[in-house]
Amino acid sequence: MKRKQYTRGLRVGVPISLGYLAVAFTMGITARNAGLSAVQATLTSFLVNASAGQYAAFTLMAAQGGYLEMAILELVTNARYLLMSCSLSQKLSPKTKLWQRLTVGFAVTDEMFGMAIAEPEEVSPWYYFGMMSIAIPGWSLGTFLGTTVGNILPANVVSALSVGLYGMFLAVIIPAARKSKLILGVVAASMAASFLLESLPVFAGIASGTKLILLTVVLSAGAALLFPVKDEEPGEEETP
């Protein structure tokens, strides 16, 4: 069973890895412009696994920011992973061991989280390990290539590579939205609210990471209050 789940995770992780490989090109260029070597940038991608956090860190390093600024910036930028980890911990089987939970928590990314949450039943940690095994090397390799040869490519080509990340998000959202009107409504409300937060001048002073956290908390809490999922009673079986 472990091997079966791990193999399935590998298959699911292939498109994620390919998307990471393309998107990480631009981050490799950012790392190089910040003064990092190819080895340093690649090691960062292998150990951190946070695109927005890495971009923010490299940008601040290029601006010669201080350690305190770096800590605050990373806390705000990566705060959404706290919410995602809490949600994912409830999706894992209660029998999941501590070291398995810690390993899964090491690589909670938007795409892998989306695929795990989309599972109809409990998520096996080995399924997540399979995704990690191929997605993390793809992200690291893309960073390495971006650092070493990224500046050789034309700017419009590098910009086009980053579109792959949005394609992955659509691949996660669309199937679930087609099956559930509730999810479709939440997705539509999220898009509208995100547009308003980015467009209205009154929200201009709020950091992007903070906006994302606010949207996540408000919309998820609203959906849970308005459309709660009823827990099945012990021993209750579904009627045909």
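Leaving aside its neighbours within four places in sequence, which residues is Asn 49 in contact with? Select Asn 49 and look around: its partners are Thr 44, Gln 54, Tyr 81, Phe 106, Ala 107, Thr 109 and Ile 136, where contact means heavy atoms within 4.5 Å. Asn 49 sits in the loop that joins helix H2 (38-48) to helix H3 (51-62). Asn 49 is buried, at 8% relative accessible area (buried is under 20%, exposed over 50%, partly exposed in between, using a 1.4 Å probe and protein chains only).

A word on what you're viewing: this is a predicted model, where local features need pLDDT of at least 70 and side-chain atom pairs count only at pLDDT 80 or more, while totals for chains, interfaces and linings use all residues. Residues are numbered from 1 along each chain as its sequence is written, and side-chain values use heavy atoms, leaving out hydrogens and water.

Next, pick Val 23 in helix H1 (residues 2-33). Val 23 is buried too, with a relative accessible area of 6%.

Last stop: show helix H7 (residues 110-117) with helix H8 (residues 125-149). Helices here are DSSP runs (H or I, at least four residues), numbered from the N terminus. H7 and H8 pack at about 155 degrees, their axes 11 Å apart; axes are lines fitted to C-alpha atoms over the stretch in contact, and angles run from 0 to 180 degrees between N-to-C directions. To see who touches whom, colour Met 112, Phe 113, Met 115 and Ala 116 of H7, then Tyr 127, Tyr 128, Met 131, Met 132 and Ala 135 of H8.

Notes. Helices (H or I, at least four residues) and strands (E, at least two) are DSSP runs, numbered from the N terminus.
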